[in-house]
Structures are given as structure tokens and as C-alpha cells.
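Hi everyone, thanks for making time this morning.

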Amino acid sequence: MRLPAPAYRLYEARLAAALPKEAIPAHVGVILDGNRRWARAAGSRASVGHKRGADKVAEFLGWAQDIGVELVTLWMLSTDNLAREPGEVAELVAIIEEAVASLAADGRWRIRIVGAPDLLPLATTERLREAEERTTAAQGMGVNVAIGYGGRREIADAVKALLLEQAAAGASLERVAEEFDVEHIAEHLYTAGQPDPDLVIRTSGEQRLSGFLLWQSVHSEFYFCEAYWPAFRRVDFLRAMRSFAARERRRGR
């Protein structure tokens, strides 16, 4: 049973007030799942769901920034998504381009594009980088936008970049192998220099990572929400924060 709007606002306020400030995750990763299923349930085309999902992003970022989250990583387009029907992919890419441009124009957030740019049309990559560059001086929360992103591809790209770097420095393969350390991969990930996610949220009821931040999420907490991404509400977000705050994080110890 859904509560009336005033009751939900009161409930949200109580949830937010009860969150311990010291238990707010610094970095939240989000798998924005369920756009197509939301559209199907509404009797609409997939592109309608993708557009509604894109419209939800700025609202979500506002919620996160309001409670003190410092960095959000949004998975907006996976390498698997690129294998869908070409017409749907083209529509989705155009929607994402528009959404990223809108986030940049907002001016509140520092945007960083993460993913494999060679998987995207050149014009798309250029527009995304332009949006990224426009936000370098922004003082607000950091926002990673994962587009053309796959966790296995990221790790493979990191190893490749490491090997090329060492080869350029004249190191032999034997020396690279001898000195190799896990931090060498971390230094070449798309998110190099950033903290790993404390919390990963996935919408739509699916309970798997599907390759999202495979390396970085080794000590992350996970929260799976039944709501499709376009229907994800602030109360759902605050429940995720409450769940995170209640957990004992041992980080493998």
C-alpha cells in the first residue's frame, strides 16, 4: 500500500534525520537498471524508458549531494548494451549524450567519463569529453559516468596500459612480471586516483553486478532495490543509506 504524499515526505525527513553523518558512504556506485522493463509495463517504447531514466539522474545526484556523498559512479551504458538492436542503441546513446550535456550545464558536479571510448562513435566521444572539460572547475560532488563500460574490459585495458608504459620505459617482460603488484593495475583503471565505492546500488530487483566495477568493488557493500530505475524514489535512496549505515564494515579483516 502506498502512503499519501505528505506521509512519504514525513517518512523521508525522518529517515534523513536518522542517518549518522559518519556513516554516509563517500563513494556510491549505481547500476541504473530497469528502464526497458519500466517502459514495457507502461506500454511504451524502450526509448521512453531510457529518457525517463536519464531524467532521473540529476534528481538522484541532488539527493546524494544533499546528504554528503562525495563521489557517484553511474553505469549508464554497458559493453553488453552495445550489442542490442542498432536502432535502440543509437537512441540510447543520443539520450545519454543529452543527459551528460545537461549535467555539465547544471554546473554543480565534476563529471568524469569512464569506459572504452573506442567502442563509441567518434562524435559521441567528442561531445562527452567536451561536457567533461566544462566541469573541471566545478566545486560540487564528483560524478563518474560509465559509458561503453565493462568490468572485464576495464581490467584488460589497465593491464594493456601498464605493459605499454613499461615497454616505453625499456623494461623487459621478465622485469615487469617480477615487480608486478595489484596496485599497478589500480593505477591504470578508468577510476585511477579515486576511492573505491563504499556502496553499490542496483535497481530493478536483479541481484548481480554484471561486471560493474569488478576490481574496485571487492570491499563494497551492496544494496538491491526492487524499483525500476525510472521509478526510484528518494525514499528508496534513503533506505539504501540506512541499510549501509547499519552494517559493520570489516573490509575482509
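Predicted model: local features only at pLDDT ≥ 70, side-chain atom pairs only at ≥ 80, totals over all residues.

Let's start with a strand pair: β1, residues 27-31, runs parallel to β2, residues 71-78, and five bridges link the two. If you want a residue to look for, take V28 in β1, whose bridge partner in β2 is V72.

In what order do the six strands come? Reading across, you get β3-β4-β2-β1-β5-β6, in an open sheet with parallel pairing. The edges are β3, at 110-114, and β6, at 221-224, and each of those pairs on one side only. From one strand to the next, the twist averages 20°.

Next, a helix on that sheet. Helix α9, residues 234-245, lies across β1, β5 and β6. Relative to β5, which is 199-202, α9 runs at about 140°.

Helix α3 covers residues 46-67 and α4 covers 86-106; their axes come within 10 Å and cross at roughly 20°. Angles under 35 degrees count as roughly parallel, so α3 is roughly parallel to α4. The crossing is right-handed.

And who meets whom there? On the α3 side we have A46, S47, H50, K51, A54, V57, A58 and L61, and they meet E88, E91, L92, I95, E98, A99 and L103 of α4. Sorted by class, that contact has nine nonpolar, two polar and four charged residues.

That's my tour, so please go ahead with your questions!

Definitions and conventions. Residues numbered from 1 in each chain as written. Heavy atoms only, no water. Axes fitted to C-alpha atoms, helices over the stretch in contact; angles between N-to-C directions. Helix = DSSP H or I, 4+ residues; strand = E, 2+ residues; numbered from the N terminus. Parallel < 35°, antiparallel > 145°, perpendicular 65-115°, else oblique. Left-handed = near helix turned anticlockwise from the far one by under 90°. Contact = heavy atoms within 4.5 Å. Nonpolar A, V, L, I, M, F, W, Y, C, P; charged D, E, K, R; others polar. Pairing = 2+ DSSP bridges.
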